There are 2 protein chains.
Amino acid sequence: MLDLATVRVDTPGVQHVIHFNNAGASLMPQSVIDAMTNHIALEAQIGGYEAAAQQKDAIQAFYSATASLLNTTADNIAATANATDAYARALSAIPFQQGDVILTTTNDYVSNQIAFLSLQKRFGVEVVRAADEASGGVSVSDMADKIKSLRPRLVAVTHVPTNSGLVQPVEAVGQLCREHDVLYLVDACQSVGQLPVDVRQIHCDFLTATCRKFLRGPRGMGFLYVSDNVLSANMAPLFVDLHGASWASADTFELEPTAKRFEDWEFPYALVLGAAEAHRYALAVGVAAIAERNLQLCKTLRTQLALVPGVRLLDEGDQLSSIIILYSERKSAEEIKAALSAEHINVSISPHGAAILDFDRKGMLTAAIRISPHYFNTDEEITTLVTTLKRILA
Amino acid sequence: MLDLATVRVDTPGVQHVIHFNNAGASLMPQSVIDAMTNHIALEAQIGGYEAAAQQKDAIQAFYSATASLLNTTADNIAATANATDAYARALSAIPFQQGDVILTTTNDYVSNQIAFLSLQKRFGVEVVRAADEASGGVSVSDMADKIKSLRPRLVAVTHVPTNSGLVQPVEAVGQLCREHDVLYLVDACQSVGQLPVDVRQIHCDFLTATCRKFLRGPRGMGFLYVSDNVLSANMAPLFVDLHGASWASADTFELEPTAKRFEDWEFPYALVLGAAEAHRYALAVGVAAIAERNLQLCKTLRTQLALVPGVRLLDEGDQLSSIIILYSERKSAEEIKAALSAEHINVSISPHGAAILDFDRKGMLTAAIRISPHYFNTDEEITTLVTTLKRILA
């Protein structure tokens, strides 16, 4: 059971805005802000390298806190510039050949889809998307059939799509990948911080995420989980640098044994320290408590939104996330967002181009509104949002 | 002629340390610090996406200021997480085939060398290093011979190596690449901010740099220049995302026309704004004035250091940079650095592994001390450094 009053006191932004854009970037706790600004001040005072050396242990805590969140060890975590960067580094470790199959879903993140298509163009990889269940979400049995018949080089699933309230069955797919010894990459960008994400349960080889969304950390920070299997198979990103490997002789290099081989040497240490604090904060509040509260908030919000005249909710699936996609024929998504913003209510827009397969299937040819609550939101804020929306759409 | 008193007032760090680690990370001006902390405060107050939207024009100024520094246009600039990241994105745009030659130098940055060797391992690329002049620096005539005989897929030169005072003849090599229509990639990580760097004079296709070194910006920010030739040839990074391309249909994507196609969607906007201010600051001080003052400071420092008993200076070449590499048999580099640090004097260490070809040729089997002055350093600070070194090595 989380203490709502305390988490709101910790969050200066709640004094200024009603923030339902946590799937974009959440509001940072004061301790995250302090971690960043204190380090910037230290860098300015004694120098950037010198500040990093002084804060070595605090920087290392980024890896241990992130590992705790995912139920793994610090050696399996690489810090990256963002989730897409983490995803590219993971993909780059796979020496794709002509005819290799990437098996994915219709709901995988748009940037991942574009990366697959770029691999198709460069190396002749084939991109195959498993069928969806009628109720929404990828069909595990179709995944199983395709894994057996196509023997994919990689299975890639986005845990919580950015454009729908869906939660994909990543554990069931992971079980299949393990049985058939297929590489498995999970995009957990929208799930870490709002739901328990356990890499041992998911059985993935790679998992990517960002810090700014439901983890409430800084913009411009992400991370990559790399399994022991990947590390012991000597897989490495295509562009490894002097941090991930050592230059052994004119024509040879030696890889770092840990997930460090997926990192660059240079880091924005202020952000690393902010992210470390954000992850510690999430652990202190408790991911299970966060997930429980989010479930409750979203249930309330979905129920109330469904009653607003002119509103259509687009979320599907047996399990729903803290992402609510709303469409109205009465106003464009841009108009709704602007009208809410004028009342200091933050939501975001899911453009059609970010989800062409999902939106087309749902008959959505335009952008939709994305509402993403998080545990520090209140019932009063939900009421204000719903009342304001009613007024805007009246 | 720059105003030393003013630039020192603008630089809070000079009150605390004598900073000769500008080739590591320089001391940030107060305006850079303010740009970052103000944006973090805004993000905390109104939300990360909302703050970026509000600061859209200020963010765009990153591109125009960076373009002004390099004598190009904003559309040719991509913001990246660091210089190595920029370098990897550039390399990833070249569809290397078995037998392709990468022609480089013995002094190219270690991370670039490891990236070339990784490409060698993955795609069967051949890495060839042009011979050096006896006086130091790559031989332009050997470059010319090798470009003619090997027809390289790529020529890659590091403008100012991290491990020596050398300045490589990047304009002369660029002239060759242009004549023979060969792709040309310049690593300007250690030159931008201390020397004039003009992409029109260099005739490069790609140029990479970082913001934290001689540009005095934040850690964890870099940039990539991409030529119009590269853009019009539809070259794109291997891992392009929804910011660099749009998802046109299930199996196609369309590239952004500008260098934006080399960027990720997500950015640490606080750092982007800090970097924008750092680049504006460098332009305001004047790169020509900075280069002139650095030349003078380094001449003074090299002359004085050469007289210190037990010191050997390792820099070679006709033109020297603001990087001074010093070795002493009397103390290890680690001991010297620690002893200077105890007196609040910052220098850094060039490990042997970062420069195996250069250091081996110079008979250096161990680490060396790197001293990198910048225009805000004073003659008094130089005297203090030299006096302290004398005492340490006595």
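## A sheet and its helices in chain B

In this predicted model, seven strands of chain B form an open sheet with mixed pairing, in the order β2-β8-β7-β6-β5-β3-β4; two strands pair if DSSP finds at least two bridges between them. The edge strands, each pairing on one side only, are β2 (77–80) and β4 (126–129) of chain B. Helices (H or I, at least four residues) and strands (E, at least two) are DSSP runs, numbered from the N terminus.

Within the sheet, β5 (residues 154–158) and β6 (residues 183–187) of chain B pair in the parallel sense over five bridges, and A156(B) stands opposite L185(B) in β6(B).

| Helix (chain B) | Strands touched (chain B) | Angle |
|---|---|---|
| α5 (residues 83–92) | β2, β5, β6, β7 (206–210), β8 (222–226) | about 160 degrees with β7(B) |
| α7 (residues 140–150) | β3 (101–104), β4, β5 | about 175 degrees with β3(B) |

Helix α13 (residues 333–342) and helix α15 (residues 379–393) of chain B pack at about 125 degrees, with their axes 10 Å apart. The contact is made by I336(B), A339(B) and L340(B) of α13(B) and by L385(B), T388(B), L389(B), I392(B) and L393(B) of α15(B).

Residues are numbered from 1 along each chain as its sequence is written, and chains are lettered from A in the order in which they are written. Local features need pLDDT of at least 70, and side-chain atom pairs count only at pLDDT 80 or more, while totals for chains, interfaces and linings use all residues; side-chain values use heavy atoms, leaving out hydrogens and water.

Conventions
Axes fitted to C-alpha atoms, helices over the stretch in contact; angles between N-to-C directions. Contact = heavy atoms within 4.5 Å.
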